[in-house]
Amino acid sequence: MPFALITGASKGIGKSIAEILAARGYDLLLVARSSDLLEKVSKEIQDATSKTCAWLSLDLSESQAAEKVYDWCKKNQYTVSVLVNNAGYGLSGSFEKYSPLEHEQMLQVNIVTLTKLTRLFLPDLLQLPEAYILNIGSSASYQAVPFLSAYAASKAYVLSFSRGLHQELKKTSVSVTCICPGPTDTNFVNRANVGAKGQKTAERFNMTPQAVAKIAVDSLFHRRPEVITGAMNKLSAFFAWLLPKTVVEGIAKKLYD
Ligand SMILES: NC(=O)c1ccc[n+]([C@@H]2O[C@H](COP(=O)([O-])OP(=O)(O)OC[C@H]3O[C@@H](n4cnc5c(N)ncnc54)[C@H](OP(=O)(O)O)[C@@H]3O)[C@@H](O)[C@H]2O)c1
């Protein structure tokens, strides 16, 4: 069976997506920076499912990261039929709190590497009778989020890009799905440096990464263009659409300032 390639598979939502895809019979290719965690996750999955599980430790903020992932697959003759662009993170707090380089690295992971991986793998995916791309957006894809501004904008890109590509590829064997999780109990808030107020709100509404991953994988195989995880997140996206933008942004601002 061809491989499922999952970025950001060392922990959180990506790890859960990897576990579900292995249970559904896929061999796996896992990419993230933490080699110790990748080794552990791949051993756990191999022991539980006897699926092949190869991993690559790589910083996806490097400018040539997508090419390195693609070359690794070519060199080892891994045929990818499911591409999961999951790796991503936020930078919470005032925009100028972070250096230009820190913003560049985040945008590189959230936007540029995701786009380049999609572009590099697409011709190969189109050769297969069935292939899938899954991109991870966010509830932040639906509105500006002050004090998480660049992250929210990057996730608006992911959703818009995914929907556009879904339509472009509609008559092909490749489907593109974007799932948009709200607060999920992972390392996200720590990595993003979310303050106490935002953390408390996240804890109140947190879904488990396993629940989010199940929705993601089901949506992928149903070839859905866009899925918001959980009733609360669906409701908040609805209100973000319904209410004046300044009201929605004012509420979001209180969480992250
Ligand atoms: N948790 C939430 O509340 C939430 C809500 C909406 C959307 N999301 C999105 O869900 C996705 C998964 O995040 P998560 O919640 O599972 O967070 P997480 O637990 O922090 O996992 C993030 C994953 O991305 C990898 N990653 C981060 N920076 C990387 C880099 N420079 N190079 C390679 N890999 C990198 C991490 O691996 P290493 O650290 O080992 O590199 C890890 O495997 C992200 O796109 C995030 O934006 C999360």
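What follows is a chat about the sheet, the helices and the ligand shell of a predicted model.

Biologist: What kind of model is this, and which pLDDT cut-offs apply?
Modeller: This is a predicted model, where local features need pLDDT of at least 70, side-chain atom pairs count only at pLDDT 80 or more, and totals for chains, interfaces and linings use all residues. Residues are numbered from 1 along each chain as its sequence is written.

Biologist: OK, the sheet. In what order do the strands go?
Modeller: The order is β3-β2-β1-β4-β5-β6-β7, seven strands in an open sheet with parallel pairing. Strands here are DSSP runs of E with at least two residues, helices are runs of H or I with at least four, and both are numbered from the N terminus. Two strands pair if DSSP finds at least two bridges between them.

Biologist: Which strands are at the edges?
Modeller: β3 (53-57) and β7 (226-228), each of which pairs on one side only.

Biologist: And what does the twist average?
Modeller: From one strand to the next, the twist averages 15°. Angles run from 0 to 180 degrees between N-to-C directions, and axes are lines fitted to C-alpha atoms, for helices over the stretch in contact.

Biologist: How many bridges join β4 to β5?
Modeller: Four, between residues 80-85 of β4 and residues 131-136 of β5, and the two strands run parallel. Leu-83 stands opposite Ile-133 in β5.

Biologist: Which strands does helix α5 touch?
Modeller: α5 (residues 149-168) packs on the sheet and touches β5, β6 (174-180) and β7. Its direction makes about 155° with that of β6. Contact between two residues means that their C-beta atoms, placed from the backbone, lie within 7 Å.

Biologist: Where does α2 lie?
Modeller: Helix α2 (residues 35-49) lies across β2 (27-32) and β3, and runs at about 175° to β3.

Biologist: Now helix against helix. At what angle do α1 and α8 pack?
Modeller: About 55°, with the axes of α1 (residues 12-23) and α8 (residues 209-221) 8 Å apart. So α1 and α8 are oblique to each other. For the wording, under 35 degrees is roughly parallel, over 145 roughly antiparallel, 65 to 115 roughly perpendicular, and the rest oblique.

Biologist: Which residues make that contact?
Modeller: Among them are Ile-13, Ile-17 and Leu-21 of α1, plus Pro-209, Val-212 and Ala-216 of α8. By class, the contact of α1 with α8 has nine nonpolar, three polar and one charged. Nonpolar covers Ala, Val, Leu, Ile, Met, Phe, Trp, Tyr, Cys and Pro; charged covers Asp, Glu, Lys and Arg; the others, Gly among them, are polar.

Biologist: How do α1 and α2 cross?
Modeller: At roughly 25°, with their axes coming within 10 Å. That makes α1 roughly parallel to α2. The residues in contact include Ala-18 and Ala-22 of α1 and Val-41 and Ile-45 of α2.

Biologist: And α4 with α5, at what angle?
Modeller: The axes of α4 (residues 100-126) and α5 cross at roughly 5° and come within 10 Å, so α4 is roughly parallel to α5. Residues of α4 that meet α5 include Met-106 and Leu-114, and α5 brings Tyr-157 and Phe-161, among others. That contact has nine nonpolar, four polar and no charged residues.

Biologist: Switching topic: which residues come nearest to the ligand?
Modeller: Gly-8, Gly-12, Arg-33, Ser-34 and Gly-88, out of 29 residues around the ligand. Near means that the C-beta atom, placed from the backbone, lies within 6 Å.

Biologist: Which element gives the largest share of that shell?
Modeller: α1, with three residues. The shell divides into 13 nonpolar, 12 polar and four charged residues.
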